[in-house]
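Keep the 3D view open and turn it as you read.

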4 protein chains.
Amino acid sequence: MKPINHIEADENTKISELVKDMGKIGFGARKISIASEIYREMTNDKECKIFVGVAGAMVPGGMKKQIIKMLKNKNTACLVTTGANLTHDLIEALGEHHYIGDERADDAKLNEEGIDRIYNVFMKNSVYEKLEPFFEENWEEFKKCTNIREFINKIGELLVVDEEESILKYCYNHEIPIYCPAIADSGIGMMVWGRIVKGEKNKISIDAFDDMKEIIDQAWTAKKSGIIYVGGGVPKNFIQQSLQFSKDNGADYGIQISTDQPQWGGSSGAPLQEGISWGKMKEKAKFVNVYCDATIALPMIIA
Amino acid sequence: MKPINHIEADENTKISELVKDMGKIGFGARKISIASEIYREMTNDKECKIFVGVAGAMVPGGMKKQIIKMLKNKNTACLVTTGANLTHDLIEALGEHHYIGDERADDAKLNEEGIDRIYNVFMKNSVYEKLEPFFEENWEEFKKCTNIREFINKIGELLVVDEEESILKYCYNHEIPIYCPAIADSGIGMMVWGRIVKGEKNKISIDAFDDMKEIIDQAWTAKKSGIIYVGGGVPKNFIQQSLQFSKDNGADYGIQISTDQPQWGGSSGAPLQEGISWGKMKEKAKFVNVYCDATIALPMIIA
Amino acid sequence: MKPINHIEADENTKISELVKDMGKIGFGARKISIASEIYREMTNDKECKIFVGVAGAMVPGGMKKQIIKMLKNKNTACLVTTGANLTHDLIEALGEHHYIGDERADDAKLNEEGIDRIYNVFMKNSVYEKLEPFFEENWEEFKKCTNIREFINKIGELLVVDEEESILKYCYNHEIPIYCPAIADSGIGMMVWGRIVKGEKNKISIDAFDDMKEIIDQAWTAKKSGIIYVGGGVPKNFIQQSLQFSKDNGADYGIQISTDQPQWGGSSGAPLQEGISWGKMKEKAKFVNVYCDATIALPMIIA
Amino acid sequence: MKPINHIEADENTKISELVKDMGKIGFGARKISIASEIYREMTNDKECKIFVGVAGAMVPGGMKKQIIKMLKNKNTACLVTTGANLTHDLIEALGEHHYIGDERADDAKLNEEGIDRIYNVFMKNSVYEKLEPFFEENWEEFKKCTNIREFINKIGELLVVDEEESILKYCYNHEIPIYCPAIADSGIGMMVWGRIVKGEKNKISIDAFDDMKEIIDQAWTAKKSGIIYVGGGVPKNFIQQSLQFSKDNGADYGIQISTDQPQWGGSSGAPLQEGISWGKMKEKAKFVNVYCDATIALPMIIA
């Protein structure tokens with residue numbers, strides 16, 4: 001047995017050193033360190049394809065560049081995320097911002113001022129005025145798309161923004177597919193709705209199931225697979241179900257960063273080991289559940 | 001100020017009496033009682049349309065009949081739920097079961113035995129053998145559907161089961177639309193995938209955005225609106241975004257049953273009051289956030 | 001394997017029926033039902049001595065009568081609780097009240113109005129004006145006490161109140177020892193401080209360690225032991241450490257109602273099984289961890 | 001409004017830089033940054049006396065040196081902690097260790113092997129064999145103590161260990177009082193019990209209330225006061241009640257690191273703002289509630 005070695009960090013300690021030292025103590029800190037080790041291993045394993053799932057309002061939360069950094073690994077298979085994260089990424093790519101806010105603000109007053117609150121982050125409701133023309137002007141282009149991945153890819157293509165500033169652009173430039181089964185459930189969905197309610201001439205046909213062929217194919221053909229889940233929800237679950245078709249029954253590496261708990265029975269809170277029963281995770285896989293706010297844990301793990 | 005009146009329940013106390021008494025004490029119990037009052041009020045308000053959102057594995061958890069009971073209110077507008085809940089409902093409607101399990105079971109052993117674990121509930125992996133022929137045999141019927149609501153409605157139509165035993169059947173019989181933006185992310189999605197990978201002849205075109213027209217129209221035309229969220233995720237968020245188009249800026253009644261917390265910034269944990277800033281909830285609305293396992297809270301609230 | 005049997009409760013269902021039915025479903029509801037079974041078993045086991053630990057602000061929360069009900073079992077060994085719960089019990093026994101409050105109240109305004117907030121429960125700061133004379137007038141009596149149990153017992157003796165209305169009185173009348181290691185950390189502690197700062201003539205000698213002899217003796221001599229923890233903290237831990245001296249290494253029955261989680265490493269969130277490693281819980285013991293707000297779970301379990 | 005500035009850390013980023021950047025994003029990360037700012041401010045405010053409360057198993061968790069670092073501030077008033085933390089500090093000071101463990105270990109097997117589990121940290125049960133002679137040999141010294149602070153101080157005095165390796169030694173050397181109202185509830189308590197059960201000759205008289213005079217005096221005489229709570233429980237509450245006697249109604253600075261939540265009504269989960277109603281926190285105080293595992297948050301905040 002190895003003794004606990006108390007943390008001795010100071011202001012000049014590098015993150016990588018702190019995270020390494022966290023591996024020598026107990027409780028949640030050690031999970032951060034284990035996650036960091038697994039992250040290093042899976043990103044260096046050339047046979048491994050990494051499936052990244054990101055739920056939660058990570059872009060408003062300030063994690064956009066961390067997500068891009070995560071996608072830069074050469075063996076990234078895909079990103080599965082929520083329509084909300086893509087909408088917020090698009091909003092920033094179009095020159096708008098999210099703002100430092102206060103969770104104790106008066107919501108009725110914010111509403112009068114045209115400010116939407118996401119816990120302690122604010123957003124101007126007027127951002128939609130930038131989204132509208134982007135879709136309106138490019139609608140003929142969007143109409144050519146037939147599935148969700150293509151549609152999202154098209155957004156990335158049309159954006160004029162530095163790839164370091166937009167997940168959508170980065171993924172477009174580097175041919176990383178973005179899957180988003182519930183795309184209708186988002187500001188982007190609202191923009192599509194805003195067009196299609198105007199009648200036949202704006203009709204668009206985006207298939208709800210078609211992307212499954214691609215992600216399951218990616219899971220099926222990967223020699224090894226790794227998963228990184230930031231939050232749960234649809235992004236996690238969509239990857240999990242695809243992994244049932246992976247080689248030898250499930251992923252080889254797994255990192256889950258979540259604040260949700262197992263005992264409520266939901267998929268978001270289910271620890272990765274539950275996936276072993278389903279054949280979504282190998283019994284011998286290297287995996288860890290990190291119970292921490294992702295805005296704190298993510299920069300430490302991938303640094 | 002009204003004094004706290006200590007609970008004096010015994011085994012013969014009726015649930016309705018206990019819940020009433022819970023309104024006279026503190027902490028979480030009072031929230032159950034308030035939710036029950038709001039539930040009574042919104043279901044009796046003839047001008048109000050109720051939008052029900054159900055995430056989490058509520059069918060495996062044993063809440064199927066409670067959900068059906070909730071939908072029986074005459075002013076139910078729609079049900080928004082996950083593909084998982086619909087798949088589990090379908091599994092039971094086809095004669096299969098979920099089972100009493102143990103969260104401390106050995107997942108590797110369960111995997112060998114063909115048993116999938118959902119916390120302390122088990123399901124045989126062989127259920128998919130019943131799903132396959134259901135979709136295979138009825139595929140020509142399904143191919144006629146053009147959006148997700150129609151597709152789900154068709155499942156309900158084709159099922160031969162008592163409506164008290166299936167959410168899908170009940171909603172079909174009573175013309176309650178079921179919306180499920182992330183339908184691809186589920187066992188039902190897998191069944192569709194199993195057909196479409198076999199080539200052109202099995203092609204199906206289910207539009208990803210089309211249902212938005214209907215649910216937003218429902219929000220737009222309702223004189224008043226009420227929301228009931230069991231868990232968060234896509235079901236909650238899809239209703240929330242539609243409510244931005246509701247009369248006078250947001251819902252009039254709201255009940256949220258969740259174990260998630262505000263401070264992580266996600267939509268699932270956001271308290272209903274945050275919706276006031278977005279115009280998804282009226283400032284003067286009657287609403288409550290119940291922090292409790294839904295398998296405990298739901299039967300008490302709707303009893 | 002037994003199939004999940006969906007809950008079918010209505011307003012006339014008795015609590016005992018609902019709780020029984022909860023045993024046939026999944027997730028947290030089943031834990032309530034298991035807890036209720038274990039409760040029945042341990043209270044009927046004549047060889048078993050029950051150690052009850054109550055943390056949290058259960059008296060302000062409205063659980064006073066539930067706690068008394070729990071203590072009425074003939075095989076109750078003792079109650080271990082916080083000074084806060086005893087102070088709040090005393091406050092009510094002296095004719096004061098706790099009140100229905102609102103967690104979103106303006107705390108600065110409440111402070112001006114002399115109201116103390118405990119989440120959604122209010123208490124007048126003036127209650128201390130009733131406590132002061134109670135201790136002042138009876139100080140000579142209190143000075144005779146030499147350990148914490150005696151001191152608390154003396155409060156119960158001096159109170160003129162129906163035993164159904166006060167934990168302190170009930171325990172005094174029925175010779176149930178109350179242990180409270182951190183008694184100084186409470187309003188009662190403040191009252192003692194208010195006397196002893198006035199100098200030598202008010203001196204009192206209450207030993208900090210003496211009660212250990214009694215509770216460890218109770219654990220040592222019990223043929224079997226059962227534990228009921230409402231919350232964690234000192235009450236749980238004080239019983240846990242005493243159980244290390246129990247017959248054959250630990251308790252035979254255990255119920256823990258808590259909302260805290262294991263992964264933070266604290267004693268409050270530790271599941272009962274962790275106690276097996278310490279010899280505080282038998283490997284073959286019947287025990288359950290209920291993850292629920294105690295104001296909801298407690299009345300259901302003991303009904 | 002200031003825009004969210006996405007985090008761009010890499011492995012060479014210093015902790016202090018990361019924490020600074022966390023102040024420019026949302027959710028939990030920003031709380032870490034705010035806490036770090038408040039920490040700097042309160043430790044530099046010469047008029048301020050800092051009351052440190054530490055619950056949870058922070059010594060087994062690997063936070064011993066972080067706690068010592070926190071106590072090194074010249075304006076530290078006192079440390080209030082649990083008997084468990086002091087026992088674990090003493091165990092290490094006597095040359096024993098805590099070990100890297102696994103939360104999924106078989107507790108029954110651990111029990112056979114004489115290993116106690118604290119989530120993912122192990123401790124040999126044989127450590128008590130080192131504690132026994134320490135108290136036995138020094139018992140005459142301990143018998144001279146009359147209150148809990150003196151008793152704990154005596155442990156620090158008698159220890160032969162580098163002050164950087166022991167909270168008890170550091171506090172003794174630097175005359176920082178340690179208060180521990182529930183000292184009986186700990187391994188140290190067990191050692192006292194082990195002596196006093198042997199009869200009159202080992203009698204010791206440690207007063208349960210006496211320390212209140214000192215801590216309330218410290219609160220009363222401080223020009224300004226600051227609080228740092230790692231976890232809740234008795235340490236937090238004991239400081240909170242003393243602050244009711246502080247100048248102008250409550251603390252001027254506050255940091256709370258906790259994973260507990262407000263809605264259960266307990267003191268541990270109560271956000272610092274609730275203290276404003278009680279006069280334990282000034283309305284204009286600078287304070288923050290950090291919702292994070294302390295083993296992760298603490299090194300970042302005080303670095």
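This is a predicted model: local features need pLDDT of at least 70, side-chain atom pairs count only at pLDDT 80 or more; totals for chains, interfaces and linings use all residues.

Eight residues of chain B are in contact with eight residues of chain D. On the side of chain B that touches chain D, three residues are nonpolar and five are polar, while no charged residue takes part. The copies meet through the same surface, because 100% of the interface residues of chain B are also interface residues in chain D.

Next, turn to chains D and A. Chain D can be laid on chain A by a turn of 180 degrees and a shift of 0.0 Å along the axis, again with an RMSD of 0.0 Å. Here the landmark is D:Lys14, whose C-alpha is the one in chain D nearest the axis, 2.1 Å from it. This pair, too, uses the same surface on both copies: 100% of the contact residues of chain D recur in chain A.

How many residues of chain D are in contact with chain A? There are 45, and they meet 45 residues of chain A. Several elements of chain D give two or more residues to this side, among them helix 1 (15-22), helix 3 (64-71), strand 5 (121-124) and helix 14 (294-302). Helix 2 of chain D provides the largest share, five residues. By residue type, the side of chain D that touches chain A divides into 23 nonpolar, 13 polar and nine charged.

Finally, let's zoom in on a sheet within chain A. Three of its strands form an open sheet in the order 3-5-4, with antiparallel pairing. Strand 3 (99-100) and strand 4 (115-118) of chain A are the edge strands, each pairing on one side only. Strands of a sheet pair through backbone hydrogen bonds, either parallel or antiparallel. Strand 4 and strand 5 (residues 121-124) of chain A pair in the antiparallel sense over four bridges. To find one place where bridge partners face each other, go to A:Arg117, whose partner in strand 5 of chain A is A:Phe122.

Notes:
Residues are numbered from 1 along each chain as its sequence is written. Chains are lettered from A and ligands numbered from 1 in the order in which they are written. Two residues are in contact if their C-beta atoms, placed from the backbone, lie within 7 Å. Ala, Val, Leu, Ile, Met, Phe, Trp, Tyr, Cys and Pro count as nonpolar, Asp, Glu, Lys and Arg as charged, and the others, Gly among them, as polar. Two strands pair if DSSP finds at least two bridges between them. Copies are superposed by least squares on the C-alpha atoms of residues with pLDDT of at least 70 in both.
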